[in-house]
Amino acid sequence: MKDPTGTFFGAHCLTSGSGEKYKHVEIPANTQTTYTLTNANTAEETKAARSAILKTTVAGVSLEITCATVHGEGTLENKTVGEEMFAHAVGTFHLTGCEVKQPAGKLCKVAGETIKTEQLTGTSQGQGDAITFKPSGEGSKFTEIKIEGCSIAALNNTYPVTGSLKDPASGGTVTINHAEATTQATLKFGGQKAGIDGALTIKAHSKAGEETVPISGTT
């Protein structure tokens, strides 16, 4: 949050410096608060949105889906087990402006240009400065993505996205790149290994009634 006595320059708490200063304010343990998340202001030194990109291979064809906007909301709290305090959140993601960039020129589309996830759980328990996202229910499905209109008929299908994803956090930004996600080998698109590239800022109230501010996971 903004504070003249803070040690960080910029609301994402990525670097320290002079000028407008920000500081960390702890969210008390076992206190539930609402949050929102967005990919806005996560690129070009927090001046632009970093698109979410999913890459995989289907029927021997490289598939790349890019979504311009990511929004999410839910509830979170700091929990304590033994000596470890960790963040635990539940909520959903809504991605819009979704396009099939690869294979190029094959007329492939994401149905409705939107993707909405099932309810997901995010936790930093045992993760250090990272958050693992996975479906909240008994199953492993993040969402379903329908690809339609392709001139490559084998690609026209509804694909389940399943598994989990561990995202590193830096200041108030949670980031992942395709190589890291693919190496984890925990996320599947239609049963095939998939990777995601993107960045999110999670915002919440440090106290009831206060302006939402970026959350920075610290250990």
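Visitor: How far apart are the sulfur atoms of Cys108 and Cys150, which form a disulfide?

Guide: This is a predicted model in which local features need pLDDT of at least 70, side-chain atom pairs count only at pLDDT 80 or more, and totals for chains, interfaces and linings use all residues. Residues are numbered from 1 along each chain as its sequence is written, and side-chain values use heavy atoms, with hydrogens and water left out. A disulfide is here a pair of cysteine sulfur atoms within 2.5 Å, and for Cys108 and Cys150 the separation is 2.1 Å.

Visitor: How many residues apart in sequence are the parts that the pair of Cys108 and Cys150 ties together?

Guide: Helices (H or I, at least four residues) and strands (E, at least two) are DSSP runs numbered from the N terminus. Cys108 lies in the loop between β7 and β8 (109-110), while Cys150 lies in the loop between β12 (141-148) and β13 (157-163), so the parts tied together are separated in sequence by 42 residues.

Visitor: Is Cys108 buried or exposed?

Guide: Buried means under 20% relative accessible area, exposed over 50%, and partly exposed in between, using a 1.4 Å probe and protein chains only. The relative accessibility of Cys108 is 9%, so this residue counts as buried.

Visitor: Which handedness does the link of Cys67 and Cys98 have?

Guide: Cys67 and Cys98 form a disulfide with their sulfur atoms 2.2 Å apart, and both cysteines are buried. The angle about their S-S bond is 110 degrees, and the link is right-handed.

Visitor: What is the pairing when the bonded cysteines of the protein are numbered in sequence order?

Guide: A search of the whole structure finds two disulfides. One joins Cys67 to Cys98 and another joins Cys108 to Cys150, and in sequence order the pairing reads 1-2, 3-4.

Visitor: Which residue in β11 does Leu120 stand opposite?

Guide: Two strands pair if DSSP finds at least two bridges between them. Strand β10 and strand β11 (residues 130-135) run antiparallel and are joined by four bridges, and the residue in β11 that faces Leu120 is Pro135.

Visitor: Which residue in the turn of the hairpin formed by β10 and β11 has a positive phi?

Guide: Six residues lie between the two strands of this hairpin. The positive phi, of about 70 degrees, belongs to Gly126.

Visitor: Which residue in β10 does Ala89 stand opposite?

Guide: Strand β7 (residues 84-102) is joined to β10 by four bridges, and these strands run antiparallel. Both faces of β10 (residues 120-123) are covered, with Leu120 and Gly122 buried on one side and Thr121 and Thr123 buried on the other. Opposite Ala89 stands Gly122.
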